[in-house]
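This report goes through one protein model and its ligand. Keep the sequence and the structure in view while reading.

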Amino acid sequence: MNIVVLTGAGISAESGVPTFRDADGLWAGHRIEDVATPEAYEATPTAVQHFYDERRRALADVTPNPAHVALGRLEEVLGEGLFLVTQNIDDLHERGGSQQVAHMHGELLSALCRSCGGRSHWTDDLYDFPPCPRCGMPELRPDVVWFGEVPYGMDVIQGRLMRADLFVSIGTSGAVYPAAGFVQMAAACGARTLELNLEPSEGTDFFAEARHGRASELVPAWVDEVLHPLGF
Ligand code: APR
């Protein structure tokens, strides 16, 4: 069985990580153009660094919820049969037990050097422009994919979508491409499609089935459904 799971901010909402487009979301308090584009970084690098430094620090105050843990359990049983791709830049999937996570929008706990291109595990602030551990240049930026940049791992993701038997989208508004188009690609290649989200997403009509409610309840229930016939 080949399952592709796509997650978005909604899966981490109950852990206390703000989403983007809900009423109390990050984009209600910040303009995308000010903090999440290469142009913003060119114009006001320190302000952009502070924005992501704050979010990196906030990881210390959050813990995975039952939805993350359930996906960790699913991987434990299915192994390579599960491909987990997330738009989230937090590390809650990893802390919930997932070992293989494709972070298509990058990671808060990684720094990208604008000089040598190296990606380094990073837990501290970046506002004071520390030297790159690889080349020594003070050119580290958040290793996150900003609007106008190309997401990570698209070749592998597309390959997995093309041979998926089931595509499941969890906690994403379906507002941002290319992730918003994964459901159509998977369906076109023969996968069954399922949406698990608090409310109908923008792309809800593209899914064969949609269940609406909290990720912390819907995801463990769905994982049980998958694992029960396998004897777990
Ligand atoms: N359980 C399930 N779904 C939830 C929950 C919850 N507890 N809380 C919120 N949601 C849903 C919301 O209803 C919404 O549809 O999660 C979705 C979150 O949508 P967005 O805030 O748009 O987040 P996401 O889809 O991950 O955004 C995609 O946009 O700004 C960029 O790079 C950023 O990766 C992000 C991308």
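Contact means that heavy atoms lie within 4.5 Å. The model described here is predicted.

## Thr193 in strand β8

Thr193 sits in strand β8, which covers residues 192-197. Because its relative accessibility is 3%, and buried means under 20%, Thr193 counts as buried. Not counting residues up to four places away in sequence, Thr193 touches Leu166, Phe167, Val183, Ala187, Phe206, Phe207, Ala208 and Glu209.

Helix α8 runs over residues 154-162, and its buried residues are Met154, Ile157, Arg160 and Leu161. Seen down the axis of α8, these buried residues fall within an arc of 130°, so they line one face of the helix. An α-helix has 3.6 residues a turn, so residues three or four places apart point the same way.

Which residues are exposed on the other side of α8? They are Asp155, Val156 and Met162. The buried residues of α8, for their part, pack against the strands β1 (3-7), β2 (82-86) and β7 (166-170), and against helix α9 (182-188).

## Val85 in strand β2

Val85 lies in strand β2. With a relative accessibility of 0%, Val85 counts as buried. Leaving aside neighbours within four places in sequence, Val85 is in contact with Val4, Val5, Leu6, Thr7, Ala102, Met104 and Ile157. One of these, Ile157, is among the buried residues of helix α8.

How far apart in space are Val85 and His103, C-alpha to C-alpha? The distance is 6.1 Å, while in sequence the two are 18 residues apart.

Ser12 belongs to helix α1, residues 10-13. Its relative accessibility is 1%, so Ser12 counts as buried. When neighbours within four places in sequence are left aside, the contacts of Ser12 are Val17, Asn65, His68, Asn88, Asp90 and Leu92.

Ala180 is found in the loop between β7 and α9. Is Ala180 buried or exposed? At 13% relative accessibility, Ala180 counts as buried, because the cut-off for buried is under 20%. Not counting residues up to four places away in sequence, Ala180 touches Gly174 and Ala175. The C-alpha atoms of Ala180 and Ser201 are separated by 9.7 Å, and the two residues are 21 residues apart along the chain.

## Around the ligand

There are 23 residues around the ligand, and those that come nearest are Phe20, Arg21, Trp27, Thr172 and Ser173. Sorted by class, the shell has eight nonpolar, ten polar and five charged residues.

From Glu14, a polar side-chain atom lies 2.8 Å from a nitrogen atom of the ligand. From His105, a polar side-chain atom lies 2.8 Å from an oxygen atom of the ligand. In Ala215 the atom belongs to the backbone: an N or O atom there lies 2.9 Å from a nitrogen atom of the ligand. The ligand on its own has 740 Å² of accessible area, and the protein covers 95% of that area.

Key:
Residues numbered from 1 in each chain as written. Predicted model: local features only at pLDDT ≥ 70, side-chain atom pairs only at ≥ 80, totals over all residues. Heavy atoms only, no water. Buried < 20%, exposed > 50% of the residue type's maximum accessible area, 1.4 Å probe, protein only. Helix = DSSP H or I, 4+ residues; strand = E, 2+ residues; numbered from the N terminus. Arc of directions from axis to C-beta. Near = heavy atom within 4 Å. Polar contact = N/O pair within 3.5 Å; in protein donor to acceptor, adjacent residues only side chain to side chain. Areas by Shrake-Rupley, 256 points an atom, 1.4 Å probe, with all protein chains shown as cover. Nonpolar A, V, L, I, M, F, W, Y, C, P; charged D, E, K, R; others polar.
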